Amino acid sequence: LDTTAAVTVTPTSSYIILQCNRAGAADTAITMSETGAVSGQLLIFTVDGVTNTDGTCSLADSAGVQQGAATTIDNFDALTLIYDGAQWVQIATSNN
């Protein structure tokens, strides 16, 4: 998923590679959709460190997402979420 602006992600697979190429190296805000999500569904985000040229990806701790705080990922980092039937819950991050 290559984005230069804020985006809402509706997962259609369990693995999404992000390219958050927002001008000025600002965070690209990622909002999660619960549309079609089922209890137990896993979702892994990674950031393409080869073609991600500007900025970072930031997933807010907001309605439908339970993380404790916003999570920002950058080149080669990973974020793993599980859907508990009511919201996406962060289960792991990896700062690479």
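## A walk through the strands

Select T10 to start: leaving aside residues up to four places away in sequence, T10 touches S33 and T35, where contact means heavy atoms within 4.5 Å. What you have open is a predicted model, in which local features need pLDDT of at least 70 and side-chain atom pairs count only at pLDDT 80 or more, while totals for chains, interfaces and linings use all residues. Residues are numbered from 1 along each chain as its sequence is written, and side-chain values use heavy atoms, with hydrogens and water left out.

Stay on T10 for a moment. T10 sits in the loop between strand 2 and strand 3; strands here are DSSP runs (E, at least two residues), numbered from the N terminus. With a relative accessible area of 40%, T10 is partly exposed. That label covers the range between buried, under 20% relative accessible area, and exposed, over 50% (1.4 Å probe, protein chains only).

Next, pick strand 4, residues 28-32. Which residues are on its covered face? They are T28, I30 and M32, while A29 and T31 make the uncovered one. Strand 4 runs parallel to strand 2 (residues 7-9), joined by three bridges, and it also pairs in the parallel sense with strand 6 (residues 57-59) over three bridges. Two strands count as paired if DSSP finds at least two bridges between them. Click I30 and you'll find a bridge partner in each: V7 and L59.

Now for the inside. The largest nonpolar core has 19 residues, and L18, M32, F45, L81 and W88 have the most contacts inside it. Strands 2, 3, 4, 5, 6 and 9 each supply at least two residues of this core. A nonpolar core is a set of buried Ala, Val, Leu, Ile, Met, Phe, Trp, Tyr and Cys residues joined through side-chain atoms within 4.5 Å.

Select L81: among the residues it touches, not counting those up to four places away in sequence, are M32, F45, W88 and Q41. Hop over to Q41, in the loop between strand 4 and strand 5. Is Q41 buried or exposed? Its relative accessibility is 19%, so Q41 counts as buried. Again leaving out residues up to four places away in sequence, Q41 touches P11, G36, L81, I82, Y83 and W88.

Last stop: Y15, in strand 3. Y15 counts as partly exposed because its relative accessibility is 44%.

Notes
Helix = DSSP H or I, 4+ residues; strand = E, 2+ residues; numbered from the N terminus.
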